[in-house]
Every structure is written in C-alpha cells, then in structure tokens.
Amino acid sequence: MDRKLKVGILGGTGMVGQRFISLLEHHPWFEVTTIAASERSAGKRYEDAVGGRWKMDTPMPDAVKDIVVKNVNEVEETAASVDFVFSAVDMTKEEIKKIEEAYAKTETPVVSNNSAHRWTPDVPMVVPEINPEHMAVIEFQKKRLGTKRGFVAVKPNCSIQSYAPVLTAWKEFEPYEVVATTYQAISGAGKTFAEWPEMNGNIIPYIGGEEEKSEKEPLRIWGEIKDGIIVPAESPLITCQCIRVPVLNGHTAAVFVKFKKKPSKQQLIAALETYRGVPQEKNLPSAPRQFIRYLEEENRPQVSLDVDYENGMGVTVGRLREDTVYDWKFVGLSHNTVRGAAGGAVLCAELLKAQGYLAAK
C-alpha cells in the first residue's frame, strides 16, 4: 500500500483548521504532519498555540498536540515538509490569493476552504458529486503558474450546499427560477455561543457578502470549461437572502423553484434519492453513501436530528410541496463546517488523488 500523503494545514488554529485536523485524525490516505498559522502561534506546540480555543466536540487528536506550529508566511519551509496543503488561513482576500499561489509555485498543491480564488477563471471550484470534470482546468492553471504539480483548487461557499445539490439532482426538469432563504449557523462565522453571546435568542438578517455568493456560485459550479477557463452557466436565475440564526452547526434553506418541465412530487423525490456522483462510484473515503436523503415527516429536516447525516457529509431534504406562486418548494439542510467547509475540501482532495492530481513529492 502507498504511504499516506503528508498534509499541511494552513490556518490550523482556527475553527475550520481544527475541523480539518479532527476529520483527518484516522484518514486512510492523508496524514497531518505540518500545521502553520500566524506569527504569534509559530514556534509553539499545537496544543499550546490553541490553548483553550479548541472548538470541536471531539478531543484534540494526540498525534497533533506536539507538532510545532510553523509560520504560514514562511512558505518554502512549510511547503518542503508536505505533499499538499489544506488552506483555512484568516487573511484579506488579496493576501490569501497571494499566499495560496505562492504555495502552489513551490509545487505544493493547495486545496482551499477560502473564497479568494473562487472566481479565478482557471481555478476549479468543485462539489465532487456535481462537477468533478472541472478539475481538468488545473492543467491550464499550471501553465499560467509555471508549475508541474502545483495548483490551487477550492470548494464553494457553505451556504449553497443545502440547495445546489438538490437543484442539480433536478436538472432534467430544467429549473429556471429559484428563490432561497438560508438560515445559517454561527459556526459559519467561526464562532461559538460562548464567543458570541448576543446570538442567543437572536436573529441577524445580514451576513456580509453571503447573498452574492449564494446567488452566483451555483452558476459557476454548473458551468463548463471553455478555452482554459470556467464559464458560468446562465441559468437558473437565483435570488437569495441569508440570515444568521442561533444554531451552532447546520445551514437550513427554504427554497422555491420554477421548472420548464413540470415534474411530479414522486419524480422529484426519486431524483433526489437516486442521485449519485463520482465520489459514490469510486467509494471515496469521506463520501456519503447516499448524498441526498428525503424525509417524509412534516417537521423535518431539523438541525438537532439531521445535521450529522452521513457524518455531516450528506444533505437532507423535506417539506416538498406544490406552491401557489412557484411550482415547488422545499427545505434543505447541510452541515456547514463539515460538508460546507473542511469535509467538502477533504472530499475534493480525495477526488484529486483519485484523478491523479495529488501524489507524494
């Protein structure tokens, strides 16, 4: 058996970085050997650098406690010890673009949770069950960067995971107009209730930049490669509102859809239940066995009951009903820091390995 690939976590002390470390604890293909963070954490044991800020429900893995944190800005030194990196750095968008490309130019592939490169034309933004073919644009990106194995790949925003897969499963019925309202957990802002007590019993009807991402990113996922770049799809038209709600984990979406073809409820449910992608066909380690599950109960999906479906990597859907203005409406739920963040990036890395883009240096 090939040895596990050596993985670095950029931004490993933050919430998403911690989620990466938690998810990779027993991974069959990848092993965390390097953790990098800001200058104030550099030189410290990981356990000391995090201190009392470990935010996961499960304990910090013993294997990472004694890793000495590197300075994320010391690119050559950090990159030298790994086969590829996951990026969850907390910087400005321009700083993230610069540092992720710097790592790529050391011939170290970067699989990013950040939004900075989501609209870089030759960077694939992938949900592995939806658009795995977009990884092919990496070959054009390598030519631009002047690399042989280094590149940047990203996953999309957490807010779209609860409805974009559903609309993809319904593609044959040609959805053309969508209204979505997302009810987003506080961990999406990297917070817990202890750190954000004003969210207790509260709703904030604004999340900066989230509505534009929620409306536009699905179109890029549904796009195609033309002349070495990703060209977004032109439809369906999506309008969205994003609301922060007092929930720790789990983004819920209430969605209304118009179709060019008029499917029955039975057809829509069957399309969800049978939807499979490359991760299921290849049995990738983090892939949910059933990506989308439909729940018949009138009061489902619920965060408290359903957010951890398929270890947080699946999507649950319920309340599919005919609408008086649109054709159909439904409620979707996804885990924002697993499927929507670190877990989605891990699955992207598994897909990249299966496609031959990730290998030992």
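The second largest cavity is lined by Val 126, Val 127, Pro 128, Lys 155, Pro 156, Gln 161, Arg 339 and Gly 344. Here a cavity is a set of points, on a 1 Å grid over the protein atoms alone, where a 1.4 Å probe fits but cannot get out, and lining residues have an atom within 4 Å of a point. The structure is a predicted model, in which local features need pLDDT of at least 70 and side-chain atom pairs count only at pLDDT 80 or more, while totals for chains, interfaces and linings use all residues. Residues are numbered from 1 along each chain as its sequence is written, and side-chain values use heavy atoms, with hydrogens and water left out.

The volume of this second largest cavity is about 30 Å³, a volume being the space filled by probe spheres set on the points, with grid points joined across faces, edges and corners. Its lining divides into four nonpolar, two polar and two charged residues. In this scheme Ala, Val, Leu, Ile, Met, Phe, Trp, Tyr, Cys and Pro count as nonpolar, Asp, Glu, Lys and Arg as charged, and the others, Gly among them, as polar. Across the whole structure, the search finds two cavities of 30 Å³ or more. The largest cavity has a volume of about 80 Å³. Among the residues that line the largest cavity are Met 15, Arg 19, Lys 55, Asp 57, Leu 248 and Thr 337. By class, the lining of the largest cavity holds three nonpolar, four polar and three charged residues.

Attention now turns to the strands. Strand 2 (residues 30-37) is largely enclosed by the rest of the structure, because six of its eight residues are buried; buried means under 20% relative accessible area, exposed over 50%, and partly exposed in between, with a 1.4 Å probe and protein chains only. Helices (H or I, at least four residues) and strands (E, at least two) are DSSP runs, numbered from the N terminus. Strand 1 (residues 5-10) and strand 2 run parallel and are joined by six bridges, where two strands pair if DSSP finds at least two bridges between them. Within this pairing, Lys 6 stands opposite Glu 31 in strand 2. From strand 1 the chain crosses through helix 1 (residues 15-23) to strand 2 in a right-handed β-α-β crossover; right-handed means that, with the strands pointing away from the viewer, the path from the first strand over the helix to the second runs clockwise. Strand 2 also runs parallel to strand 3 (residues 70-71), to which two bridges join it. There, Ala 36 stands opposite Lys 70 in strand 3.

Salt bridges are the last topic. A salt bridge is a side-chain nitrogen of Lys or Arg within 4 Å of a carboxyl oxygen of Asp or Glu, and by this rule the count comes to 22. One of them joins Arg 118 and Glu 217, with an N to O distance of 3.2 Å. Arg 118 lies in the loop between strand 5 (110-112) and helix 6 (138-145) and Glu 217 in helix 8 (residues 210-221), so this pair ties together parts that are 99 residues apart in sequence. Arg 118 is buried at 3% relative accessibility, and Glu 217 is buried at 1%.

Another salt bridge links Arg 45 with Glu 47, whose closest N and O atoms are 3.0 Å apart. Arg 45 is partly exposed, at 27% relative accessible area, as is Glu 47, at 32%. In the salt bridge of Arg 300 with Glu 297, the closest N and O atoms are 3.7 Å apart. Arg 300 is buried, with a relative accessible area of 15%, whereas Glu 297 is partly exposed at 38%. Finally, salt bridges that share partners join Arg 45, Glu 47, Asp 48 and Asp 66 into one network.

Notes
1 Å grid on protein atoms, 1.4 Å probe; cavity = no way out; pocket = protein on both sides within 12 Å on 5 of 7 lines; lining within 4 Å.
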